[in-house]
Amino acid sequence: QVQLQESGPGLVKPSQTLSLTCTVSGGSITTNYLYWSWVRQPPGKGLEWMGAISKGGSTYYSPSLKSRTAISRDTSKNQFTLQLRSVTPEDTAMYYCAAGYSYSSHSLRGQGIQVTVSS
């Protein structure tokens, strides 16, 4: 079955760019599922959808994060990535990559990676 695994730094300094990669196994980002997305959960808060990339390569972003977010993919590696620019401590959260049939919801999620923004 399809599995997702997040990777990237666990600590990022304020004003820097956070970059995370999701590696997909057991399936393809160009065929399985319609959308591949990133969601996050800050401490003590609910899940927040950040954005998604479709199996055709179109991107969709949360209006509140659109100015700082970029999602891309490498089909040769079966990976998709998140870049979040100009991070602040408010971006500290557990970050998950996910897959589903709607760009703003998901059916499957990785185990997550904790990212802390601190100097």
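## Salt bridges in the predicted model

By the rule applied here, which takes a salt bridge to be a side-chain nitrogen of Lys or Arg within 4 Å of a carboxyl oxygen of Asp or Glu, the count comes to 3 salt bridges. The structure is a predicted model, in which local features need pLDDT of at least 70, side-chain atom pairs count only at pLDDT 80 or more, and totals for chains, interfaces and linings use all residues. Residues are numbered from 1 along each chain as its sequence is written, and side-chain values use heavy atoms, with hydrogens and water left out.

Side chains of opposite charge can pair when their charged atoms come close. The pairs are listed below.

| Salt bridge | N to O distance |
|---|---|
| Arg40 and Glu48 | 2.7 Å |
| Arg40 and Asp91 | 2.8 Å |
| Arg68 and Asp91 | 2.9 Å |

Arg40, Glu48, Arg68 and Asp91 are linked in a network of these contacts.

Accessibility is described as buried (under 20% relative accessible area), exposed (over 50%) or partly exposed (in between), with a 1.4 Å probe and protein chains only. Glu48 is partly exposed at 23%, while Arg40 is buried at 5% relative accessibility. Arg40 belongs to strand 4 (residues 35-41) and Asp91 to the loop between strand 8 (79-84) and strand 9 (93-100), so their pairing ties together parts that lie 51 residues apart in sequence. Strands (E, at least two residues) are DSSP runs, numbered from the N terminus.

Asp91 is likewise buried, at 2% relative accessibility. Its partner Arg68 lies in the loop between strand 6 (59-61) and strand 7 (69-74), so this pair ties together parts that are 23 residues apart in sequence.

Methods: Helix = DSSP H or I, 4+ residues; strand = E, 2+ residues; numbered from the N terminus.
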